[in-house]
Amino acid sequence: MDNFSSASTEAPMSPTSADPCNYTPQIFLLWKMWFVGVVGCTTAVVSIFHNCILFYTFNSSKLLRRRNLTYLMWISLCDIFVSLSYIAIMCVQVYADYFESWPLFVAWHNYLTSTRSPSPESLFAGRRFS
């Protein structure tokens, strides 16, 4: 009984104490917010828009499909996925840190674990068949 009563009289830990579970944000967070979160995200959104136009143009034109330009259609589709991945990996992490948003942090971790697991397999398959 004494253990419980003495534990309740102790002062709670202050936020400035050396607790290893305290969150410390990234260094240069404001700089990252502007260059990764604003400039990088804007560039990725513009890239997605332009590559959607390119993909639609190459996909809908019968004249362009008859020529040997179908690889440009597939490159534009791959670039759309790269831009979406940039937003999901780089920008969401900076937004989660800057706005201290727990749902963004959880979403970023879930996306990262789902994309990180197949990447070694795809690298191995690419080396094996080349």
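Mentor: With a definition: a residue is buried under 20% relative accessible area, exposed over 50%, and partly exposed in between. The model we apply it to is predicted.

Trainee: Is F99 buried or exposed?
Mentor: The relative accessible area of F99 is 52%. The cut-off for exposed is over 50%. F99 therefore counts as exposed.

Trainee: How many aromatic pairs are there, and what is the geometry of the one between Y98 and F99?
Mentor: The count comes to 5 aromatic pairs. For Y98 and F99 the centres are 5.1 Å apart, with 85 degrees between the planes. Planes over 60 degrees apart count as edge-to-face. The Y98 and F99 pair is therefore edge-to-face.

Trainee: What is the geometry of the pair F105 and W108?
Mentor: Here the centres are 6.2 Å apart and the planes make 35 degrees. Stacked needs under 30 degrees and edge-to-face over 60. The F105 and W108 pair is therefore tilted.

Trainee: Is W108 buried or exposed?
Mentor: W108 lies in helix α5 (residues 102-116), as does F105, 3 residues apart. F105 has 29% relative accessibility and is partly exposed. W108 has 11%, which is under 20%, so W108 counts as buried.

Trainee: Which side chain makes a polar contact with the side chain of D97?
Mentor: D97 sits in helix α4 (residues 70-99). D97 is buried and has no salt bridge, the nearest side chain of opposite charge, K32, being 6.9 Å away. At 2.6 Å, the side chain in polar contact with that of D97 belongs to Q26.

Methods:
Residues numbered from 1 in each chain as written. Predicted model: local features only at pLDDT ≥ 70, side-chain atom pairs only at ≥ 80, totals over all residues. Heavy atoms only, no water. Phe/Tyr/Trp six-rings, centres within 6.5 Å; stacked < 30°, edge-to-face > 60°. Buried < 20%, exposed > 50% of the residue type's maximum accessible area, 1.4 Å probe, protein only. Helix = DSSP H or I, 4+ residues; strand = E, 2+ residues; numbered from the N terminus. Lys, Arg positive; Asp, Glu negative; His and termini not counted. Salt bridge = Lys/Arg side-chain N within 4 Å of Asp/Glu carboxyl O. Polar contact = N/O pair within 3.5 Å; in protein donor to acceptor, adjacent residues only side chain to side chain.
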